[in-house]
Amino acid sequence: MDIRETWLHRVRRSTAGRKIVDFFYSRYYITAVGLAVLLCYTLQWDAAAYAVIALAGVASLVLCHDATPCLPLMLAVPMAQSMYWREHERSHGTANIVVMVVCGVLVAAAFVYHVATFGRWKRIFRCGKLGIASIVAACGFFTCGFFYKGYTWNSMGVSLNMIGMLCVLYFVLRGLVLPSRDGMRYLAFAFTVMGLVMSATLAETYILNRPFIESGFDKNILVTGWGISNTVGPAIFTAVPLTFYMASKEERHGWLFYLAAAAMCICMVFTLCRTSLLFGAPLAAVCIVFVCCKAKCRKQMWVCTAALAAVCVAFLCWGETKDIFLFYVQNGLGDRGRFKLYKEALELFADHPVFGVGFRYRKLTNHSYLFHNTVVQMMAAGGLVGIVTYLYYRAQTVLLYVRKPTAERLFLGLTLAGIVLMSLLDNSIFRLCIQLYMMPALVFSERDLERSVWFADCPKLGKRKALFAA
């Protein structure tokens, strides 16, 4: 007798089961995840945050027909670590390690059960143009540093991390997150909630992080639990375009999402990350223009824009502005040692032009072993093989947005464009939290393109019924 018929289907068809499944696909669930993670972050309950994420993931994988409810959990993972971990080393304590291992085993078992029960494992191995590009990029990352005498296993660890995010996670999400009519709004709302949570954690850093406060808000020690300054800024920006997307689609409360996106932009300023402002501000302006022209509640958008502009003008005219943002005034467009890193990277490329020297060439700063530029990084770490495979992968992602553009892919594309552009001056694309935000946006972009191509090329109405029936 089929286990699916005797247990899983019976539970899902029950009244309580249907309500639980509906909850996982609702905005209440996303909001609950965000509030739970924020509470655990504030109270420094790292282990509790891991447990909440793991248990929600297990329940959703067992009860739901696809893995869409896992998306909010994936976005919440980087924020499970409280900002006090550097002082107390809580994330490395025995209790936290035990909890993380147990949670990992439970989630892995639930994942295997989900794939086996719903029989979608074949979908994971379907490979389109972007899938081929992901495999090519994975090969390029894997060979980074081959035949370099100083190559280390730590460098291989970075390569495997990139392969896991760009290739393995892509195929898993592509196979297990099924298309639905409200799927894009579900993803956008998840980004909105997690963007607000990230902004709240930044505010807590300014209020509670004593070393940062006592230093006079020194940018060099601006650290939350889940990221440094140059990570927090781009991470918050990843939520801005999709929050504006929600503002353009909501008929009655679009202004709330507009204000949420504006609040995130303000928080980006307080990350003291210049790259997030340099690239994020113009992209946010594109979003504002779109929602003012195409939103379902355009009057609300115009009023919000006028109010926001008035506040910005008043702030810029305030005499204390320079003292508040002394870091921006002092550094301006200074490179802060980036050109020196670029020169060193190009010299390494000249000495090792085929496979490069790998990612762990040496420790460059307290927070990074990278060169603050994706292209330069791939040239130094992967040589010609690394940079060519990466550029091929990037070209295939660009094609997602130039073919049959839609409003959905416009905002998803702005999200990815921000990450890619910021990575030309920082290490955003190599950070775990940024990678976890990139992949859902990329998978939904590909799915939106496939749908637009199908509807554009499908037969006339009289012949569509057979297709829908199939």
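The model is predicted: local features need pLDDT of at least 70, side-chain atom pairs count only at pLDDT 80 or more, and totals for chains, interfaces and linings use all residues. Residues are numbered from 1 along each chain as its sequence is written, and side-chain values use heavy atoms, with hydrogens and water left out.

**Stop 1: Glu347.** Helices are DSSP runs of H or I, at least four residues, numbered from the N terminus. Glu347 is partly exposed at 43% relative accessible area. The cut-offs: buried is under 20%, exposed over 50%, partly exposed in between (1.4 Å probe, protein chains only).

**Stop 2: Phe146 and Phe355.** The whole structure holds 20 aromatic pairs. Select Phe146 and Phe355: this pair is tilted, 6.3 Å centre to centre, with 45 degrees between the planes. Rings of Phe, Tyr and Trp (its six-membered ring) pair if their centres lie within 6.5 Å; planes under 30 degrees apart are stacked, over 60 edge-to-face, the rest tilted. Phe146 is partly exposed at 27%. Phe355 is partly exposed at 21%.

**Stop 3: Phe339 and Tyr342.** This pair is edge-to-face: 6.0 Å centre to centre, 65 degrees between the planes. The two are three residues apart in H20, so about one helical turn separates them. Phe339 is exposed at 57%; Tyr342 is buried at 12%.

**Stop 4: the cluster.** Select Phe142, Phe146, Phe147 and Phe355, which form one aromatic cluster.
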